[in-house]
Amino acid sequence: MAPPVKAGPRRCRPRTVALAAALLCAAAALPRAMAAPPNLIFILTDDADAMHGSDWHMPKLRQHLTEHGINFTQAVVNFPLCCPSRATILTGMCAHNTRTVTNAGNDLGGFPTFQAMQLANKTAPFVLQQGGYRTGLIGKFLNGYQLSDYSTVPPGFDRWFGIGNPLDYVQWVVSDQGVARSYGSNETDYSTDVIAQEAEKFVLQAANDSRPFFAYIAPYAPHPPYLPALRHRGALAGLKMPRSPAFNESGASIKKKTSFIKQMPPIPKAWDSAYDFIYQLRAESLLAVDDLVERLVQALNTTGQLDNTYIFYTSDNGVKLGHRRMINGKQGPYEEDSRVPLHVRLPGATQGIQLPHLVSNLDFVPTWIDLAGVPDPYADVRDGISFAPLLRGDAAAQADPTSHRTALIIEKLAAGGADTRVSTMVPLPSDPSDDVFPGAFRPHLLPNGSFPYDVLEYERQQDIQFLAKRRRNYMGSSYLPPHTGSMAGWKQARTRRGSLPRDMLNGPAGTSCCNGCLAMFLAMGPPNNISVEALIRTDTGYWPGPYYALRTLAYKYIEWRQGYELYDLRADPWELNNIFDTAPRALLVQLQSALQQLKTCRGASCQFRQTNNLFTSPVRRG
């Protein structure tokens, strides 16, 4: 298949130039069809996975993006959780460099950490704005961006329509240019449609502006509580979730795991219909995003901007739905959690192709800045690699998956969801002045360099509590654990004859998932022969403890506190057969050495491009 852009880039001589000259130089490097710096649109969904087809039921995405650009089939995120991933997307920095390692609004997560680390002036929108771009954020910003923060418009945005907490499909509040604006429960208040309307306005207004534009558009779908637009409810009735071998993983393979997962009981067969219904609702909630994609493409076409615009579509992380016997959730090192869809529409008349290159959410910032041709004063702290050569049609780069990168790190750095200290697994950098987690952000060390018993016991208890809650959820007839997953904000939930306490159904908005939306989601179950209890149990999110993982083109190597796992992804794409104990020692040494380097990497040291056979050719073992 021919590459999507035939014209190769022309080289500009390296020299120190003023900003205007730099923009002209970059424009010369663009495909000939593009006479000016390109517009950039980034569409970021929430919890849309790649492994079981979150994008399979979006015909407009396929028509307008996939068939006119590149579908990257190995797009992997650095930290599979909302806020850490979004901080990485905005900065091009690993979670261990942003210090944003939880969703909680504390010193290790959320908007407060983003502010404390002074990351706002290092984002791609800020750099693009300084380089002459008109910029906008429309949709979800960062977890921990509270109503009390809504008067704060982060630097780098000409148009600000930012949502933090509360965020949902209905009953939500947005910061509109720094002014809080509330939406209700009417059909016209549906958040994806409002975001689409505001994004369309931004694109139409750009036609009368001489500046190129960057638009960051972030709908909430298909995040729990999976509420489709009214017009789409039932549109995919009867849709079944694909049952991959990782779903309700067999005892033969689960026992080869080394973390707490190997102790997980099987998922009851009685929950199958609830999983299918949740899968259907997720797909239906994305139909409004599909409409958003078409609406933007039509606006670009109407205003003559389509042939000078790159459109990116992806997600912050994937999700598990019964995979690994985990009921629901994300944050894990496995492909369900960490691999996401990535479709990029290219300017001009192009033919769609697929590429197996290992790209990451680390790469968006350097890619956007590269395409725009603006100077990046923070280039030395960007941990990602520009994949602009692939987008511009570099035939040699497209033909060689090792041309981009051969390995990247996946990491979860705290034991709990709202910890104020990182895990004992997080190593100290060789230079203490480079430590992103100084002092109180790390567990206390004894004079001999070991951790006190209470520190180690805390992390062990996290796993014990994790397992205990799961067993209660499987086996308890009425008890549902508090503060779990999409039930955030609930004090305690007890099912009673298929109904829920009135305060849960009718309570005010204000939690991360408002009670009104949750009630609407649960109310859709019984008419479809799904009990409220089954929906709650299958939608209760559970997350793993800390780990480090190395993802290469051929392998997934994982380090847990409890042990090690290694998967040959070409022979075992569902990560069922842990071959750590039988793998060649030379391979293990190479993988462990690479991961050790990446645990504290910064800038160029994160851009792993080693090309030996150990990273690119799998060892096939039964």
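Let's start with helix α3. Cys82, Cys83, Pro84, Ser85, Arg86, Ala87, Thr88, Ile89, Leu90 and Thr91 are buried there. Keep in mind that this is a predicted model. After α3 comes Gly92, with a positive phi near 75°.

Next, strand β1, residues 39-45. Seven of its seven residues are buried, so β1 too is largely enclosed by the rest of the structure. What about its two faces? In a regular strand, side chains alternate between the two faces of the sheet. Here both faces are covered. One side carries Asn39, Ile41, Ile43 and Thr45, the other Leu40, Phe42 and Leu44, and all are buried.

Which strands pair with β1? One is β8, residues 309-315, running parallel to β1 and joined to it by seven bridges. In that pairing, Asn39 sits opposite Thr309. Another is β7, residues 213-218, also parallel, over four bridges. There, Phe42 faces Tyr216.

Now the nonpolar cores. The largest has 155 residues. Ile41, Phe72, Phe312, Trp368, Leu391 and Leu566 touch the most other members. Helix α9, residues 272-302, gives this core its largest share, 16 residues.

Take Phe72 from that list. Which residues does Phe72 contact, leaving aside neighbours within four places in sequence? They are Leu342, Val344, Leu355, Val359, Phe387, Leu390 and Leu391.

Key
Residues numbered from 1 in each chain as written. Predicted model: local features only at pLDDT ≥ 70, side-chain atom pairs only at ≥ 80, totals over all residues. Heavy atoms only, no water. Buried < 20%, exposed > 50% of the residue type's maximum accessible area, 1.4 Å probe, protein only. Helix = DSSP H or I, 4+ residues; strand = E, 2+ residues; numbered from the N terminus. Pairing = 2+ DSSP bridges. Core = buried A, V, L, I, M, F, W, Y, C linked by side-chain atoms within 4.5 Å. Contact = heavy atoms within 4.5 Å.
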